Amino acid sequence: MIRTHGLTKRFGKVRAVDSIDLDVHEGDIYGFLGANGSGKTTTVRMILGLVLATSGTVELMGRPMPRSARQVLPAVGTLIEGPAAYGHLSARGNLALLDASGTRARGERSTRRHRIDEVLEEVGLSAVGGKPVRAYSLGMRQRLGLASALLQRPRLLILDEPTNGLDPQGIREIRELLVRLNEQGTTVFLSSHLLGEIEQMCTRVGALDQGRLVVQDSLDLLRGPTGRTVIETADPDAAIALLDGRVEARDGARLVVRGESPAALNALLVSRGVPVRELTAERRSLEDVILERTSHGTDRVMPR
């Protein structure tokens, strides 16, 4: 759905995006991570043809950009750098204007009101859809921006910090909506600096650090096993004595054991009468992976 090769953008002597090769597959929920100023928004704008690359290429749905923008972009929903809206109009009025400017088929025009009501319901604005947007909070405006992106039922959603300004409940609702849309066939490209947001919903992840793509893989592979096993037991002292130096960390009843197969470890503990409440293979966190491969500046990717 999105492919770049050697994509680079310079502003004077500053290389904001440095020869990146993105590969977003159809059906992905692709999390695009990076600290503020890492080049995420510039990359997104080049993908959409809003900014010309200094060098490199972009393909969107298999078509070269920006040359094919007129053919490709009607199938792409976007929310970039915050939502734009007329403050004196209601949410419904703004969406009607947007739909009128983008709709060509008579059949689509005839269903406009239904589609507007549908997307307002999806983003949680149906109760306030008739109020002027100037009275909206930042989070409500963000929801309206997402409604605008969904209006034409796009094959691909490209979203830049879509949960900005939302409270925890709102973040959860938007996350659930994006997962549901993906299950219905929409590919989602989500740019964010929040690790927790990416880790909870994305299937593949790319991460920028100072303009360079330092991570790109499936989330399952990135969060692979560490080779250690986590045990929770009612008798940690007995477990530590039995395992003879293989326990690397202890937090109360929770032990981290080096280099043991979970099945073999469980069999050993049970055979010696040590009660096991829980036993799992330890997996790396996305935060661990990102921090290993990125610089440690003052404006970092945030875990939550």
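**View 1. The largest pocket of the predicted model has a volume of about 890 Å³.** Here a pocket is an open set of points on a 1 Å grid over the protein atoms alone, where a 1.4 Å probe fits and protein lies on both sides within 12 Å along at least five of seven lines. Grid points are joined across faces, edges and corners, and the volume is the space filled by probe spheres set on the points. The lining, meaning residues with an atom within 4 Å of a point, comprises 32 residues, and Leu73, Val76, Thr78, Leu98 and Ser148 lie nearest the centre. Helix α3 (91-102) is among the elements that supply at least two lining residues each, as are α2 (69-72), β7 and α6 (138-150); α3 gives the most, with seven. Helices (H or I, at least four residues) and strands (E, at least two) are DSSP runs, numbered from the N terminus. The lining divides into 19 nonpolar, eight polar and five charged residues, with Ala, Val, Leu, Ile, Met, Phe, Trp, Tyr, Cys and Pro counted as nonpolar, Asp, Glu, Lys and Arg as charged, and the others, Gly among them, as polar.

**View 2. Six strands form an open sheet in the order β7-β8-β9-β4-β10-β11.** The pairing is mixed, and two strands pair if DSSP finds at least two bridges between them. The edge strands, β7 (76-79) and β11 (212-218), each pair on one side only. Strand β10 (residues 204-209) is antiparallel to β11, with six bridges, and Arg204 stands opposite Ser218. Helix α12 (residues 286-293) lies across β4 (29-33), β10 and β11, at about 150° to β11. Contact means heavy atoms within 4.5 Å; axes are lines fitted to C-alpha atoms, for helices over the stretch in contact, with angles from 0 to 180 degrees between N-to-C directions.

**View 3. Strand β1 pairs with β2, β3 and β5 around Arg3.** A salt bridge (a side-chain nitrogen of Lys or Arg within 4 Å of a carboxyl oxygen of Asp or Glu) joins Arg3 and Asp23 at 3.7 Å, N to O. Arg3 belongs to β1 (residues 2-11) and Asp23 to β3 (residues 23-24), 20 residues apart. Strands β1 and β3 are antiparallel, with two bridges, and Ile2 stands opposite Val24. Arg3 also stands opposite Glu59 in β5. In the hairpin of β1 and β2, Gly12 takes a positive phi near 65°.

**Notes.** Residues are numbered from 1 along each chain as its sequence is written, and side-chain values use heavy atoms, leaving out hydrogens and water. In this predicted model, local features need pLDDT of at least 70 and side-chain atom pairs count only at pLDDT 80 or more, while totals for chains, interfaces and linings use all residues.
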